Amino acid sequence: MPEEKRQEAICEVAKENSARKHILVVDDDPLMLKLIRAYLQDDYKVSVVNSGKIAIEFLLKYKPDLILLDYMMPLYNGATVLKIMQSKPNTKDIPVFFLTGKTDIDTVSECLAFHPAGYIVKPVAKAALLEKLRKFFAEQPYRTGENGEKGI
């Protein structure tokens with residue numbers, strides 16, 4: 001029987017305390033986490049976690065302004081995480097953009113059925129991601145509360 005490879009848990013919290021928007025990136029692919037962090041770090045506070053379960057734990061302590069959430073992950077996939085968030089008063093209003101490499105109509109329809117704030121197909125170019133986020137935040141009403149306030 002082949003031995004199952006365990007992935008080390010990653011949870012890196014943005015350390016700076018500034019007026020920049022705080023984005024949580026959730027993806028089980030460490031290379032994708034590194035890439036998206038590199039894309040965003042000049043314009044946003046960026047925290048990264050590599051599983052849906054760790055994302056839920058993160059939201060017990062922090063309330064980011066936006067979550068970029070991989071749709072296809074083991075155990076707690078993006079849909080599960082979003083359902084949990086939508087059931088909790090402290091996280092139901094945090095916007096979520098699903099990240100996925102799938103572009104087939106069934107997957108897209110499935111993702112959109114959860115009413116995320118957006119949908120991003122991986123891989124995504126830096127300029128396209130930054131423009132999508134800039135437009136999203138420009139259209140959002142001002143959210144009250146500190147980025148570090150308690151979540152779930």
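Residues are classed here as buried when their relative accessible area is under 20%, as exposed when it is over 50%, and as partly exposed in between, with a 1.4 Å probe and protein chains only. The structure is a predicted model, in which local features need pLDDT of at least 70 and side-chain atom pairs count only at pLDDT 80 or more, whereas totals for chains, interfaces and linings use all residues. Residues are numbered from 1 along each chain as its sequence is written, and side-chain values use heavy atoms, with hydrogens and water left out.

The chain contains five helices and six strands, where helices (H or I, at least four residues) and strands (E, at least two) are DSSP runs numbered from the N terminus. In sequence order these elements give the pattern β-β-α-β-α-β-α-β-α-β-α. Of the 152 residues of the chain, 43% count as buried, and the accessible surface comes to about 8900 Å², of which 53% belongs to carbon and sulfur atoms; the areas come from the Shrake-Rupley method with a 1.4 Å probe, and for residues only the protein chains shown count as cover. With contact taken to mean heavy atoms within 4.5 Å, residues 24 or more positions apart account for 65% of the contacts with a separation of 6 or more.

Helix H3, which spans residues 78–86, has Gly78, Ala79, Val81, Leu82 and Met85 as buried residues. Viewed down the axis of H3, these buried residues fall within an arc of 160 degrees, so they line one face of the helix; the arc is that of the directions from the helix axis to the C-beta atoms. An α-helix has 3.6 residues a turn, so residues three or four places apart point the same way. The cover over the buried residues of H3 includes helix H2 (52–58), strand S4 (66–70) and strand S5 (96–100).

Aromatic rings of Phe, Tyr and Trp (its six-membered ring) are taken to pair if their centres lie within 6.5 Å, with planes under 30 degrees apart counted as stacked, over 60 as edge-to-face and the rest as tilted. By this rule there are five aromatic pairs. The rings of Tyr71 and Phe98 have centres 4.9 Å apart and planes at 80 degrees, so this pair is edge-to-face. The pair links distant parts of the chain, with Tyr71 in the loop between S4 and H3 and Phe98 in strand S5, 27 residues apart, and both residues are buried. Phe136 and Phe137 likewise form an edge-to-face pair, at 5.4 Å centre to centre and 65 degrees between the planes. Phe136 is buried at 9% relative accessibility, and Phe137 is buried at 14%. Tyr44, Phe97, Phe136 and Phe137 form one aromatic cluster.

Five salt bridges are found in the whole structure, a salt bridge being a side-chain nitrogen of Lys or Arg within 4 Å of a carboxyl oxygen of Asp or Glu. One of them joins Asp27 to Lys122, with the closest N and O atoms 2.8 Å apart. This pair links distant parts of the chain, as Asp27 lies in the loop between strand S2 (22–26) and helix H1 (30–40), and Lys122 in the loop between strand S6 (118–121) and helix H5 (126–139), 95 residues apart. Asp27 is buried at 0% relative accessibility, and Lys122 is buried at 16%.

Within helix H2, Lys53 and Glu57 lie four residues apart, about one turn of the helix, and their side chains meet in a salt bridge at 3.5 Å, N to O. Lys53 is partly exposed, with a relative accessible area of 43%, and Glu57 is partly exposed at 39%. In helix H5, Glu131 and Lys135 are also four residues apart, about one turn of the helix, and form a salt bridge whose closest N and O atoms are 3.9 Å apart. Glu131 is partly exposed at 32% relative accessibility, and Lys135 is partly exposed at 44%. Salt bridges that share partners join Asp27, Asp70 and Lys122 into one network.
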